[in-house]
Amino acid sequence: MTQKSVRVGIIGGGLMGKELLAATRRWDALVDHSVRPEVIALADPSPAVRDWFSGAGVSNIYEGYAELLANPDVDVVYIAVPHNLHEEIYLATIAAGKDFLGEKPFGIDLEAAKKIVAAVQSSKVFVRVSSEMPFYPGAQGAINYVKSGALGEIVEVRAGFLHSSDLDIKKPINWKRQVKFCGAIGVMGDLGMHVAHVPTRLGLQAKSVYSILDKIVETRVDNQGNQVACDTFDNAVLAIKATSSSQTREFPMFWEMKRIAPGESNSWYFTAMGMNGGVRFSTRNPQVLERFTYKDGEQSWIETQPGHKGNWPVITGGIFEFGFPDSLLQMWAAFFAEREGLLGDKFGCARVEEVLESHKVFDAAMKSHSSHAAEKLSN
Ligand SMILES: NC(=O)c1ccc[n+]([C@@H]2O[C@H](COP(=O)([O-])OP(=O)(O)OC[C@H]3O[C@@H](n4cnc5c(N)ncnc54)[C@H](O)[C@@H]3O)[C@@H](O)[C@H]2O)c1
């Protein structure tokens with residue numbers, strides 16, 4: 001198959017910027033994808049990051065993002081920078097007329113997200129939001145089961161992302177643990193879009209939120225050995241009243257976002273239970289998808305093994321385990337196909353309206369934290 005070449009620039013070459021370069025280097029694992037992305041540019045103020053990308057063969061290396069945006073050879077940008085820089089850099093990228101995949105959470109708060117989304121909507125640029133976990137085959141199976149209507153009347157939905165990233169109290173401070181860089185929404189900014197993506201895509205709409213936001217570790221060591229304030233929320237549990245497009249009765253939906261979840265490593269899960277059926281999936285055990293039915297007075301669970309059968313076929317055998325880098329490859333495959341108008345009926349990357357919806361929930365959660373009461377979502 002002839003593949004269209006797309007030249008990519010990365011702004012922010014840290015953890016996630018490097019993952020994109022690695023994903024493009026595994027692109028040949030995809031069978032017959034219509035696009036071939038190549039990372040041709042990187043902008044990052046860190047000399048060590050610039051050296052890494054230069055060593056990996058990326059030819060246009062910049063200290064400042066404006067130079068990358070001015071490069072006419074860059075077709076698509078991936079922006080993976082701290083949250084306090086989202087608003088400035090996303091708006092500059094839109095003004096430069098470049099398509100991009102933006103990292104969540106689209107700025108430090110609801111106001112920043114509104115500005116970015118309004119600018120996207122009044123432009124012609126193609127923009128999607130990074131959220132790779134729903135691309136696990138088991139997650140796709142869960143989504144399709146809910147979409148089939150097999151659940152009947154929805155009783156309860158649970159979605160969460162449970163990290164152990166901050167379990168070690170000796171782990172040094174970084175920008176994700178400081179309000180001035182991460183935003184006051186803390187862990188909701190880090191993990192929230194991952195949790196919001198599937199419920200929002202399924203048309204489950206939050207109406208009100210009661211939150212429990214928890215700061216567990218108050219200080220961490222900096223690179224000079226001083227204890228400094230670690231002032232973001234580590235964990236957030238939201239009790240939401242929601243409706244779905246098929247029913248107006250409000251039902252409970254629980255979102256859990258935790259950087260300190262003892263016993264978990266990087267578990268993303270989605271569970272939805274209805275009067276006729278249910279489904280549960282967790283990346284803790286990616287080889288298990290459980291589907292439930294209630295028929296003729298009998299409750300039964302069926303376990304299937306989703307294997308490696310993602311939306312975008314790969315050379316990897318269907319029986320093999322699926323993991324985090326595979327979900328990134330599938331997400332990027334969806335992004336580049338959709339940009340060409342070739343997504344078809346496959347699951348697409350998170351949309352800007354969906355990230356805005358997630359910010360409205362986090363905003364209500366912040367208000368609930370202050371009022372100690374359930375708060376309705378604002379418009
Ligand atoms: N999708 C996911 O699974 C996932 C995982 C982790 C982080 N993220 C998101 O990705 C984004 C980046 O997180 P990360 O973990 O890669 O952070 P990181 O700290 O590892 O990398 C951020 C990079 O941005 C660079 N940077 C800082 N200022 C810059 C500027 N003005 N111009 C260009 N680059 C600049 C830093 O030097 C650093 O290399 C955040 O929005 C975060 O929420 C997403």
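How many nonpolar, polar and charged residues does the shell around the ligand have? By class, there are 11 nonpolar, six polar and five charged residues in that shell. The model described here is predicted. Around the ligand there are 22 residues, of which G12, G14, L15, M16 and E103 come nearest.

Strand β1 covers residues 4–11 and strand β2 covers residues 35–43; the two run parallel and are joined by eight bridges. Within this pair, I10 is placed opposite L42 of β2.

L42 has I61 as its bridge partner in β3. A right-handed β-α-β unit is made by β2, helix α2 (residues 47–55) and β3.

## The nine-stranded sheet

An open sheet of nine strands has the order β16-β15-β14-β13-β7-β12-β11-β8-β17, with mixed pairing. The strands β16 (298–304) and β17 (375–376) stand at the edges; each has a single partner strand, so one side of each has no neighbour in the sheet.

Inside this order, β13 (residues 266–274) and β14 (residues 277–282) pair in the antiparallel sense over five bridges. Y269 stands opposite S282, which belongs to β14.

| Helix | Residues | Strands touched | Angle between directions |
|---|---|---|---|
| α6 | 137–147 | β13, β14 and β15 (289–295) | about 165° with β14 |
| α10 | 352–371 | β8 (205–214), β11 (235–244) and β17 | about 50° with β8 |

## Helix α6

Is helix α6 mostly covered or mostly uncovered? It is mostly covered, since eight of its 11 residues are buried. The buried residues of α6 are P137, G138, A139, Q140, A142, I143, Y145 and V146. Their cover includes helix α8 (187–201) and the strands β13, β14 and β15. After α6 comes G149, which has a positive phi, near 85°.

Why does L20 count as buried? A residue is buried if 20 or more other C-beta atoms lie within 10 Å of its own. L20 has 21 other C-beta atoms within 10 Å, so it is buried. Leaving out residues up to four places away in sequence, L20 touches I10, V39 and Y78. L20 and Y78 are 58 residues apart along the chain, and their C-alpha atoms are separated by 8.3 Å. I10, one of these contacts, is the residue that stands opposite L42 in β2.

G107 is located in the loop between strand β5 (99–102) and helix α5 (110–121). G107 has 26 C-beta neighbours inside 10 Å, and therefore it counts as buried. Which residues does G107 contact, leaving aside its neighbours within four places in sequence? G107 is in contact with H83, H86, E87, A112, A113 and I116. The C-alpha atoms of G107 and A334 are separated by 23 Å, and these residues are 227 places apart along the chain.

Terms used:
Residues numbered from 1 in each chain as written. Predicted model: local features only at pLDDT ≥ 70, side-chain atom pairs only at ≥ 80, totals over all residues. Pairing = 2+ DSSP bridges. Helix = DSSP H or I, 4+ residues; strand = E, 2+ residues; numbered from the N terminus. Right-handed = clockwise from strand over helix to strand, strands pointing away. Contact = placed C-beta atoms within 7 Å. Axes fitted to C-alpha atoms, helices over the stretch in contact; angles between N-to-C directions. Near = placed C-beta within 6 Å. Nonpolar A, V, L, I, M, F, W, Y, C, P; charged D, E, K, R; others polar. Buried ≥ 20, exposed ≤ 12 C-beta atoms within 10 Å, placed from the backbone.
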